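Dear colleague,

Please find below the structure that I am handing over to you. My findings follow it, arranged by topic.

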Amino acid sequence: MPGASLFGGWRLMERTRRNALLNLLALLALAYALYLFDRYGTDYQVRILNNMAIFITLAVSYNLINGVCGILHLGPNAFVAIGAYTSALLTMSPMEKQMNYIIEPLMWPFSVLNAPFLVALIAGGLLAAFFAFLISFPVFRVRGDYLAIVTLGFGEVVRVICNAFQSVTNGPLGLKGLALHSNLWWTWGVAVVTITAVSKLVQSSYGRAMKAIREDEIAARAMGIDPFKHLLMAFLISAFFSGVAGGLLAHLIRTISPTLFTFFLTFNLLIMIVVGGLGSTTGAVIGAALFAWGGEALRIVEQPVQVAGLKIPGIPGMRMVVFSLILMVVIIFARHGIMGRHEFSWDWLFHKVRFGAARD
Amino acid sequence: MSHFFRAEQLVMRFGGLTAVNDFSISMEPGELVGLIGPNGAGKTTVFNMITGAISATSGRVVWLGEEITQFPLHVIASRGIARTFQNIRLFTDLTALDNVMVSFHHKLRANFWDAMFGLPAYRREERRIKEESLELLQEMGLAHMAMEKAGALPYGKQRRLEIARALATKPRLLLLDEPAAGMNPQETLELVGLVRELRDKYALTILLIEHDMKFVMRLCERIKVLDYGYTIAEGTPAEIQNNPEVIKAYLGSQTHA
Ligand SMILES: Nc1ncnc2c1ncn2[C@@H]1O[C@H](COP(=O)(O)OP(=O)(O)OP(=O)(O)O)[C@@H](O)[C@H]1O
Ligand SMILES: [Mg+2]
């Protein structure tokens, strides 16, 4: 069999072991870098790195739906909001709650509930997944533009509920004075777990089924694959990690309000995964990292500038104009983004290195 | 009447158009039956009704003693009826190997958590699926293209890949929709031998649609002829060749074309 030498045998085992070792080394390197930043980094650097990790978590889980399953889902902001509010309500002390809810007191079970940060994060993720489950039935009855509109509507509904349900969310006032639980270890820890889990899924037989649904749903069904089951699976996982990221975000910026979770958030995520390359987890990571870094670097464009004695005042929101332009350019001229659907892998890297060396 | 597979009085109406009228067929295990007819006769529509891709306006499909008429497409596929598509529908951006491996998924024993944690049982199953898929590709003469994207394969190879992918679902009944379309005479000839081999090796029962008369006459033991949704003839290749109704239907369609 010609395939045997390529895929089977001891060489595969060897390669698997090597890759596992390299993964471990990469993790250690990341941990060491985080340790250095944690100790010696400026607040500014640490903030960017925290944002980066949260964006990575969000983009990777969002890409699972939009890139891997090929479903245009426009409501991840809802899951982030659910995770943020849930975890905030769990970590705030009763005293803090009393100080926050000045217009309408917080409803009963929420007023006394309290949990450690980890539990609060997981609860946020689970509740987000629960809501994903509830809406999955109407959402996956339709496809394409209709699905986009239904999920967009869901995102709006959650935001409006956050505004209106004063006795739970404190309405437009939002929640202030959350404890600063998130740090580099939490945010990057969650990012690594998300990347690992989503990559495992995508590379598994289940992930292959999801990609088949993306490529041709009728053909996938004709091969015995149940689209609802697999889309639901992806949706729940994506919502869970989005919810956890929401909890991290809440305990990083320490003030949340409904304005944080508008469609604007979804739009930013869309920019990240499209620029990175729809369908590639590596691309989602790169897109999110660039976005977090670029978001800070591009602050210059919002500062007042002096051109030949002429003073141009800073325009707030200019960064988003730049991002939107980048998105448009990518969609028109480089639709596959940075990575296309390719993934980083050690095998690929070694192949590159060896190929490059052989040429010299 | 067969307890293995039979369709009874299938009717399909699209608005005012009756694409298939009163179509019945009964097949015994191991049979190789051809379904022919001019363009638009309703052949593909029959496949779509049998596999659950569209739901028949009326009529029944009975498979292994159970009525499956209103079952969803993926359930029918997992019960052992596989098909290929006339207008090739591969997972174009996946490799040829992945295209075939997808078809094993509905029989996967390992559950979601086994896969996520990469448990040995799952890994073993995945390895076995890969090996079997490669064997299937090998059998279809596609082994050297296993890692190519399906969309990048030449037309004839794509048709073969569709067959490999359908076989990987482990069907007992295989529906081939114009498997020789777009192939040159040489490829078509090879396909005749291949289809026979596959039937014997995998104990398949095959219903196939084909425009290439030589192909059908050579391969099928029994042929059904559709015209404007009606079954106008049924019999052995020799009987069909000399049937005046059939000749008229084909001549008629030629003057249209
Ligand atoms: N989904 C559909 N909606 C409306 N009309 C359809 C649909 N599918 C098929 N038809 C019509 O039904 C008739 C039969 O089509 P069908 O595809 O079954 O023909 P066929 O025998 O496979 O022809 P060909 O040899 O060209 O493949 C045609 O007139 C076609 O236009
Ligand atoms: Mg047809």
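Which exposed residues does the face of H16(A) turned away from its buried side carry? They are A:Ile332 and A:Phe333, where exposed means over 50% relative accessible area, buried under 20% and partly exposed in between, with a 1.4 Å probe and protein chains only.

Before the details, some conventions. This is a predicted model, in which local features need pLDDT of at least 70 and side-chain atom pairs count only at pLDDT 80 or more, while totals for chains, interfaces and linings use all residues. Residues are numbered from 1 along each chain as its sequence is written, chains are lettered from A and ligands numbered from 1 in the order in which they are written, and side-chain values use heavy atoms, with hydrogens and water left out.

Helix H16 of chain A

Helices are DSSP runs (H or I, at least four residues), numbered from the N terminus. Helix H16 of chain A comprises 16 residues (318-333), which at 1.5 Å a residue should span 22 Å, and the end C-alpha atoms agree with this, being 22 Å apart. The expected span is 1.5 Å times one less than the number of residues. The buried residues in H16(A) include A:Met320, A:Phe323, A:Leu327 and A:Val330. These four lie on the same side of H16(A), because they cover an arc of only 85° around the axis; the arc is that of the directions from the helix axis to the C-beta atoms. The buried residues of H16(A) pack against helix H14 (263-276) and helix H15 (281-297) of chain A, contact meaning heavy atoms within 4.5 Å.

The interface between the chains

Chain A contributes 31 residues to the contact and chain B 36 residues. About 3000 Å² is buried between chain A and chain B, and carbon and sulfur atoms give 69% of that area. Buried area is the accessible area (1.4 Å probe) that two parts lose on being put together, summed over both.

Three salt bridges are counted between chain A and chain B, a salt bridge being a side-chain nitrogen of Lys or Arg within 4 Å of a carboxyl oxygen of Asp or Glu. In one salt bridge, the closest N and O atoms of A:Arg208 and B:Glu126 are 2.9 Å apart. This pair joins two chains, since A:Arg208 lies in helix H11 (residues 205-215) of chain A and B:Glu126 in helix H5 (residues 120-139) of chain B. A:Arg208 counts as buried at 5% relative accessibility, and B:Glu126 counts as buried at 16%. A further salt bridge brings together A:Arg341 and B:Asp93 (2.6 Å, N to O).

The domains of chain B

Chain B is divided into domain 1 (1-80 + 171-257) and domain 2 (91-165), with bounds from an automatic or database domain assignment. Their C-alpha centres lie 27 Å apart. In the contact, 16 residues of domain 1 of chain B meet nine residues of domain 2 of chain B. The two domains bury about 990 Å² between them, 63% of it on carbon and sulfur atoms. On the side of domain 1 of chain B, B:Met183, B:Leu194 and B:Leu198 lose the most area to domain 2 of chain B, together 34% of what that side buries. Two salt bridges are counted between these domains.

Yours sincerely
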